[in-house]
Amino acid sequence: MPSTGNDTVLDALSAINGLSQVSSAQIWIARPAPGGFGCEQILPVDYAAIAKGGATATNYQIMPGDRLFIAEDNLVAFNSYLGKLTAPVERMLGIASLGTSFIRSSETLGRAYNQNRNF
């Protein structure tokens, strides 16, 4: 999002409707070195202190060229990855189970029909 130089970390987070379910509270700003020379500066953000405690020490002002990073929650990311791996297998087992269930119910109905026909 474009920065006017007056926005803070909390302003930026509210502009994107807060943290998502897959976001962790690990947040930092990567600020480019002046003139593009040297290493960028990493500014860690204490989200809990800003959001719950009202502390302003790490609610940095976002400058033009800054990038705000929000890490993903490792457990949620692993769960998503695992779900992507197992989804095809689960789908095939579900189809096989549905087919087996259909055949068994058809056989049961067929036997019941034959028994009633013999009386």
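In this predicted model, R67 and E40 form a salt bridge, with their closest N and O atoms 2.5 Å apart. R67 belongs to strand β3, whereas E40 is found in the loop between β1 and β2 (41–46), so the pair ties together parts that are 27 residues apart in sequence. Side chains of opposite charge can pair when their charged atoms come close. R67 is partly exposed, its relative accessible area being 40%; E40 is also partly exposed, at 38%.

A search of the whole structure finds 2 salt bridges. R31 and D66 also meet through their side chains in a salt bridge, at 2.7 Å from N to O. This pair links distant parts of the chain, 35 residues apart: R31 lies in strand β1 (residues 23–31), and D66 in the loop between α2 (47–51) and β3 (67–72). D66 counts as buried because its relative accessible area of 14% is under 20%.

The accessibility values are set out below.

| Residue | Relative accessible area | Class |
|---|---|---|
| R67 | 40% | partly exposed |
| E40 | 38% | partly exposed |
| D66 | 14% | buried |

The strands form an open sheet of 3 strands in the order β2-β1-β3, and their pairing is antiparallel. At the edges are β2 and β3, each of which pairs on one side only. From one strand to the next, the twist averages 30°. Between the antiparallel strands β1 and β3 there are 5 bridges. I27 has I70, in β3, as its bridge partner.

Conventions. Residues numbered from 1 in each chain as written. Predicted model: local features only at pLDDT ≥ 70, side-chain atom pairs only at ≥ 80, totals over all residues. Heavy atoms only, no water. Salt bridge = Lys/Arg side-chain N within 4 Å of Asp/Glu carboxyl O. Helix = DSSP H or I, 4+ residues; strand = E, 2+ residues; numbered from the N terminus. Buried < 20%, exposed > 50% of the residue type's maximum accessible area, 1.4 Å probe, protein only. Pairing = 2+ DSSP bridges. Axes fitted to C-alpha atoms, helices over the stretch in contact; angles between N-to-C directions.
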